[in-house]
Amino acid sequence: MVTLAEVAQHAGVSASTVSYVLSGKRSISARTRERVEQSIQVLGYHPNAGARALASNRSNIIALMIPLRTDMYVPVMMEIAIAVTTSARAHGYDVLLLTGEEGPDAVRRVTGSGLADAMILMDVELDDERLPLLRGTAQPSVLIGLPADTGGLTCVDLDFGATGALCAEHLAMLGHRDIAVIGEAPAVYERHTGFAERTLDGLRTRSRELGLRVLHRPCEGGFDAMSLTLARVFDERPGTTGFVVQNEQAVEPLLALLRRQGRAVPEDVSVIAICPDQVAVQASVRLTSVAIPAQEMGRSAVEHVVAKLAGRGEDEVVLIAPELTVRASTGPAPAAPAAPQERPV
């Protein structure tokens, strides 16, 4: 393995000069820096992580807390995680992935042990138990998600409130008046997970303004659960003609059940999904959808946490505006059937 001393000899400088180039602790002339960096590249030198951490009091690691729960759509979570990892690497940081449901204990472990220089937290609840600890530590952190109180925090998220409102507006424009929301699994709402609660709040608020009636039913996903949920919807609101689905695992079962019932999409029923584009375009009916900007969220979280590590970042809330893409699953509401006429006696 190439040593720092060998780099110094190759570049014709002292070992301390190489160390200063690597750490950035002292100003080095551009010519000397270039010579050292060229020697590093030619020799394939990689600084020892432990020694570098001791010298700089930095681990050059960002902890990503991403509890992998069975009631969440894991592919979206992992897409965000990959975006965080690749963006962090571009800034010279590695990522420590914490997937357990440890809550505040995970925050204490990271802040107390020096495992990482900063934290990015996902699966944020409205009243998240981890937040008091984050506010009480000097270690930089960023949330991918939005709690009820954002004071003293930096948050990055899709504007899920605006997402719900956008779905209501699209269906109202097409003449739909009774709409049903097929939501995430019940446990997601029981935890008061921010994205699910905010979507529902935005949709309900805009629906009231537009004169729409809304029925919300959580769903575990899968064919059997969706069959029971759909039966409840049409039993309680037989005139439902619009669906908003915020549950990737329920999308295909819903479309299959509507076909089985003889309800054509979009002629009889319109469907909007809040999901990744890949799910929308690969469904049996190409879905009108609001995409989850997973890569943008991951990159933005890293940019903010790196800025904080450099002493430049300030607490702020960054909400990404939703974009609705119209495809084949939404159309004008069907005309109401004509009232029966009395026969003359």
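**Close-up 1. Where H1 meets H3.** In this predicted model, Glu6, Val7, His10 and Ala11 of helix H1 touch Arg35, Val36, Ser39, Ile40, Val42 and Leu43 of helix H3, where contact means heavy atoms within 4.5 Å. Sorted by class, this contact has 6 nonpolar, 2 polar and 2 charged residues; Ala, Val, Leu, Ile, Met, Phe, Trp, Tyr, Cys and Pro count as nonpolar, Asp, Glu, Lys and Arg as charged, and the others, Gly among them, as polar. H1 covers residues 4-11 and H3 residues 30-43, and the two pack at about 120 degrees with their axes 9 Å apart. Axes here are lines fitted to C-alpha atoms, for helices over the stretch in contact, and angles run from 0 to 180 degrees between N-to-C directions. H1 and H3 are therefore oblique to each other: under 35 degrees is roughly parallel, over 145 roughly antiparallel, 65 to 115 roughly perpendicular, and the rest oblique. Their crossing is right-handed, so the near helix is turned clockwise from the far one by less than a right angle. Helices (H or I, at least four residues) and strands (E, at least two) are DSSP runs, numbered from the N terminus.

**Close-up 2. H5 against H14.** Helix H14 (residues 294-309) packs with H5 at about 40 degrees, their axes 8 Å apart. That makes this pair oblique too, and the crossing of H5 and H14 is right-handed. From H5, Val76, Glu79, Ile80, Ala83, Val84, Ser87 and Ala88 meet Ala294, Gln295, Met297, Gly298, Arg299 and Val302 of H14. The tally by class is 8 nonpolar, 3 polar and 2 charged residues.

**Close-up 3. Pro67 in its loop.** Pro67 sits in the loop between strand S1 (61-65) and helix H5 (74-90). Pro67 is buried, at 8% relative accessible area; buried means under 20%, exposed over 50%, and partly exposed in between (1.4 Å probe, protein chains only). Leaving out residues up to four places away in sequence, Pro67 touches Met77, Leu98, Thr99, Gly100, Glu101, Met122 and Asp123.

**Close-up 4. Cysteines.** Searching the whole structure turns up 0 disulfides, a disulfide being a pair of cysteine sulfur atoms within 2.5 Å. For Cys167, the nearest cysteine sulfur belongs to Cys275 and is 10 Å away. Cys167 is buried, with a relative accessible area of 0%, and Cys155 is buried at 0% as well.

**Notes.** Residues are numbered from 1 along each chain as its sequence is written, and side-chain values use heavy atoms, leaving out hydrogens and water. Because the model is predicted, local features need pLDDT of at least 70 and side-chain atom pairs count only at pLDDT 80 or more, while totals for chains, interfaces and linings use all residues.
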